[in-house]
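Please find below a note on the model, arranged as numbered points. The sequence and the coordinates are shown first.

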Amino acid sequence: KLVEVIEKNTTALELNIIIPTHGNKNWQRNYHYPEMGITFLAMDFGNPTELGHGFSIYTFVNINLTHGKNFTLKFKFANSVGYISKFFDPITNPRNLAVGSHFNGFVSLRLNAQLRLPDNLRMEMGFGLSHFSNGAMDLPNYGMNVITGNLGFGYHFNSKNIKLVPDTFT
């Protein structure tokens, strides 16, 4: 059982570069001015010897579910390639039944609450699911599913007010 291989909680570090949209394109207005960006993710699966670490560099879209001046609810989704440092080997790593290869597909889904703070700062907290899988290209491939809780802070470098292009669709 894979549960027996996990020795401790999974921990992760995520660094994001976030680019807001301003409605210059129709789809940006239709989806309420989402944010886009790129993320570097490093994750410890709770047993570095047998499960290893997961890494991904991925692009994402953050869709606004609510519109508040100081509080916003967002849905973040991403799909990319992931790398896992340890995989199943019948001789050297027989208990890792999660993945059979280093390179895997990576999917991330997250619901985030964002609170605007003074001085161009913001705080985010949320929960989500991250999934590494090679699509059964190499067996075994149960995949590595990680339920996540996150807390983060961000800084808005461009403090001048940018006007949004209004939605003129009738």
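**Note on the predicted model**

1. Ring pairs join Phe45, Tyr58, Phe106 and Phe132 into a cluster. Rings of Phe, Tyr and Trp (for Trp, the six-membered ring) are paired if their centres lie within 6.5 Å; planes under 30 degrees apart count as stacked, those over 60 as edge-to-face, and the rest as tilted. This is a predicted model, in which local features need pLDDT of at least 70 and side-chain atom pairs count only at pLDDT 80 or more, while totals for chains, interfaces and linings use all residues. Residues are numbered from 1 along each chain as its sequence is written, and side-chain values use heavy atoms, with hydrogens and water left out.

2. The protein chain contains one helix and seven strands, in the order β-α-β-β-β-β-β-β from the N terminus. Helices (H or I, at least four residues) and strands (E, at least two) are DSSP runs, numbered from the N terminus. Along the principal axes, the C-alpha atoms fill a box of roughly 60 × 35 × 20 Å.

3. Of the 170 residues in the protein chain, 37% are buried. Buried denotes a relative accessible area under 20%, exposed over 50%, and partly exposed the range in between (1.4 Å probe, protein chains only). The accessible surface comes to about 10600 Å², with 63% of it belonging to carbon and sulfur atoms; the areas come from the Shrake-Rupley method with a 1.4 Å probe, and for residues only the protein chains shown count as cover. Among contacts with a separation of 6 or more, 57% are between residues 24 or more positions apart, contact meaning heavy atoms within 4.5 Å.

4. How many aromatic pairs does the structure hold? There are six. One of them, Phe45 with Phe132, is edge-to-face, at 5.7 Å centre to centre and with 85 degrees between the planes. This pair links distant parts of the chain, 87 residues apart: Phe45 is in the loop between strand 2 (35-44) and strand 3 (53-64), and Phe132 is in strand 6 (residues 121-133). Phe45 is buried because its relative accessible area is 2%; Phe132 is likewise buried, at 0%.

5. Tyr83 and Phe103 form an edge-to-face pair, with 5.2 Å between the centres and 65 degrees between the planes. Tyr83 belongs to strand 4 (residues 71-84) and Phe103 to strand 5 (residues 103-117), so the pair ties together parts that are 20 residues apart in sequence. Is Phe103 buried or exposed? With a relative accessible area of 58%, Phe103 is exposed, whereas Tyr83, at 29%, is partly exposed.

6. A charge also sits over a ring: Lys76 lies over the face of Phe60, 4.3 Å from the ring centre. The criterion is NZ of Lys or CZ of Arg within 6 Å of the ring centre and within 35 degrees of the ring normal.

7. Asn112, in strand 5, is buried at 2% relative accessibility. The side chains of Asn112 and Glu124 are joined by a polar contact of 3.2 Å. Such a contact is a pair of N or O atoms within 3.5 Å; within protein, one must be able to donate a hydrogen and the other to accept it, and residues adjacent in sequence count only if both atoms are side-chain atoms. Beyond neighbours within four places in sequence, the contacts of Asn112 include Thr72, Lys74, Met125 and Asn150.

8. Thr148 is located in strand 7 (residues 144-155) and is buried, at 16% relative accessible area. Leaving aside neighbours within four places in sequence, Thr148 touches Gly126, Phe127, Gly128, Leu129 and Ser130.

9. Phe87 is placed in the loop between strand 4 and strand 5 and is partly exposed, at 28% relative accessibility. Phe87 and Thr21 are 66 residues apart in sequence, and their C-alpha atoms are 39 Å apart in space.

10. Two backbone values deserve a check. Most residues other than glycine have a negative phi. His32, which is not a glycine, has a positive phi of about 60 degrees; His32 is in the loop between helix 1 (26-30) and strand 2 and is partly exposed, at 39%. Asn120 has a positive phi near 65 degrees, lies in the loop between strand 5 and strand 6, and is partly exposed, at 29%.
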